Amino acid sequence: MELTVLLIDGDCAHAEQVQQFLFSVRPRWRVLHATDLAGGQILHAQHLPQMAMVAFEQTDGDALQALRWLGSTMALVMVEFGQEELAALSMRAGFADFVVCPPQPGSSQHLQPLPEQLESLARQRATERALAEHSRELHSTLSSISQGVISMDAQGRVQLYNERALELLDIPEARMEQQPFLRELVAFQRERGEFDRALYWPPGATVGGIDGRYCPSVYIRRTQEGRYLEVRTHPERDGRKVRTYTDVTDYVQTQQQLSQSEQRWRSMTALSSDWFWELDGRLRFVHLDGCPDALQQSLHTQYFWAQTLWQQAYEASEKIAERQALMARREAFHDWELCHHDGNDQLTWLSLSGTPVWDEEGVFTGYRGVARNITERKQTEVAIRRLAYRDDLTELPNRAAMLQQIDQALERSLKHGAGALLLLDVDHFKGINDAMGHSWGDALLQEVARRLRAWCRPGDVVGRVGGDEFLVLIEALAPDMAQAQARASAMAVSLMGVLDQAYELQGRAVHASFGIGAAGFWGRDRSVDDMRQCVELALGEAKAQGRNAWSVFDPELQRSLRARAALEADLHIALDRGDFVLHYQPVVDDQGSVLGAEALVRWAHPERGMVPPGSFIPVAEQLGLIFALDRWVLRQACLQLAAWARHPISACWTLAVNLSAQEFRHADFLCRIQDILRDTGARPDLLKLELTESLMLEAVEDSIAKMQSLRAMGIRFSLDDFGMGYSSLGYLKRLPLSQLKIDQSFVRDVLLDANDAAIVRTVIALGQSLGLEVVAEGVETQGQLEFLVRNGCRRFQGYLFGRPDEAEVMLAQ
């Protein structure tokens, strides 16, 4: 045994004698020496020795003071001969033993038993610590378990218990500390009415005797608080007994709930349409329970019981393989739809849900679950699907079905080659309906459907996708896209020949014409929507050619349409963002003096740069954005007129503004222009509205009335591009015009083309005879100017005098 011993002795000679002796008999021991209590406390804190030897008398106190900091260290007190009373006092204070030093200096007689004495004390302390640790572990164990424990001796007296027992039995700890007999505890509990309620004997419970009275070794009882305790008595060999108490309230309540649930389940399943089944390890049906009689009669055949689940499945092989893999992994499944074929062309649809079953050794024994007869539902689904994907009139696939077919065909084309899609409709079908009645129109569509089915190859699909529209899906037409496009053109010609024959309807021969649009496909380069758009574009091209026409889709057409769509989107943004600007081109007289200008709108596109009006005005008219654009142009032009009025040079300049026919015909146009003039402060007599000849072709009287109202306000009118439309001299003399503008297409070749020169002379002469100013547009050369001057024209506009630019640039020039 190795020990570290702390020696506190002010007698250095005696201390040296003790150290040498212990080293000689126990060389592996370590002896630490301190001459006073203070030094001893320091060494004790540093080294934590197992043993301490302290001389009673110290220079800085006595040995009793060391007990305050020695703690659990075993200590001996050393007293002088004749001081045995001090030794007794020290042991009562806490020292474990003592040593009496002899009166003769240098004597070692008292040292001889010292090693064994120290070792004995060390072993005693180790034993005490082990017992204490064991006691702590036992207490911790008893405190941590969920059961109440009472240990009794052979006479039935309580020797040991834990807090859980006090809690479950609701017995005061003061009573248990008295170590009562078990019968006394039972009497105490009976007085409280504990055992008035029934006891429950679990299956297999045995009866044992305690104190001459018999009770089961295991039973369950209910406490006054309504909780359930399982009581078990365990006899030991020496006659001792251990009784455990377990709170099984949750277990008992669960069992009760399960019993109630089972009763409810049985009562509900008796009313349910679901029934129960079992499969053996080979996946054959071995048990049916609750199956309706009619269905049992259909299923209880040798054919049904002899085959496995998969042999009865009347489904696609890939779906069966997927389900076989799941069951091979022994996984549960839900709502599997199984079609059972009884061998007599009778199909029964079942919906199965099941879970795997294992025996006690973990061996798979089959499946069990619930089933439902869904035959009626499946028949209803078939009927609904037919309604959803079939056209009632022609019995052809409808639009939804055809879109699905196209999607599948696109996928298959990667493997089987390129195909084609044809879209056709009856020209002016509404006219046939209106003239001959809807029954005739329906009969025509039915006959068209019959001819299309007869014309198609095996594997081709034809469907009705609209009122008079039919789609023909042709697969595996050619090895590549280019050949498929060419073959599609030939197929359209062939189909047109079949459809162009007379139709016998209700005893009468009826002729109908058709338009056909075709497009090839190969792979997933185009989506279903893309294919639909392609054939629609091709059909539109065919319609534009007239009756009995066909067209094959051209990708360039789609690109132009996409560009148009992008332009439309940008146009909306431009109006909101204010991307439009006005440029001004000067109008001069024959001396070169500026008389005014024409306002020309430009689109300052952030990516395309400055976009001319010819690229976006038609789009704005079609989208209905021309109203907002025209009003913006009018307001900006009037603001510019007001600004010019503040400069002497430009105070009398006129400003011509092009106006769309849509804006001019708007019911509120007069009010709007009055508001703009009032808000901007522009002079009405300096504003010219340029109108085109096409504006006069509709609502002539209304147009003349509006022009006269505006003329009364001082606004003047100019007829733009005169000679390019359907000019009527009768209308011309009635219109309150002040100016004619010769279109630049005539001026451009006036020196090269005699016809253009004659037209220009005629317009100038006509304007002079009607008292109107004549402005020549597009003057770009000196020769053109000289020709115009010679023939009496005095107003000019063109690049020869200045390009359209910002107002500041024009004013600076």
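Helices (H or I, at least four residues) and strands (E, at least two) are DSSP runs, numbered from the N terminus. By that definition the chain holds 29 helices and 36 strands. This is a predicted model, in which local features need pLDDT of at least 70 and side-chain atom pairs count only at pLDDT 80 or more, while totals for chains, interfaces and linings use all residues. Residues are numbered from 1 along each chain as its sequence is written, and side-chain values use heavy atoms, with hydrogens and water left out.

**Overall dimensions**

- The chain has a radius of gyration of 57 Å, whereas a compact globule of 813 residues would have one near 28 Å; the radius is taken over C-alpha atoms, and the globule rule is 2.2 Å times the number of residues to the power 0.38.
- Along the principal axes, the C-alpha atoms fill a box of roughly 165 × 95 × 60 Å.
- Of the 813 residues, 44% are buried (under 20% relative accessible area, with exposed over 50% and partly exposed in between; 1.4 Å probe, protein chains only).
- Among contacts (heavy atoms within 4.5 Å) with a separation of 6 or more, 58% join residues 24 or more positions apart.

**Nonpolar cores**

- A nonpolar core is a set of buried Ala, Val, Leu, Ile, Met, Phe, Trp, Tyr and Cys residues joined through side-chain atoms within 4.5 Å.
- The largest core has 70 residues, and Y584, W644, L687, L689, L737 and L788 touch the most other members.
- Helix α21 (residues 626-644) supplies the largest share of this core, eight residues.
- A second, separate core has 34 residues, including W440, A443, M491 and I516.
- Not counting residues up to four places away in sequence, L689 touches L634, V657, L659, F669, I673, L710, I715, R716, F717 and S718.

**Helix α21 and its packing**

- Two packed helices are described by the angle between their axes and the distance between the axes.
- For α21 and helix α23 (residues 669-680), the angle is about 35° and the axes are 9 Å apart; axes are lines fitted to C-alpha atoms, for helices over the stretch in contact, and angles run from 0 to 180 degrees between N-to-C directions.
- On the α21 side, R631, L634, R635, C638, L639 and A642 meet F669, R672, I676, L677, D679 and T680 of α23.
- Q640 also lies in α21, and Q640 counts as buried because its relative accessibility is 16%.
- Leaving aside neighbours within four places in sequence, Q640 is in contact with Y584 and A807.
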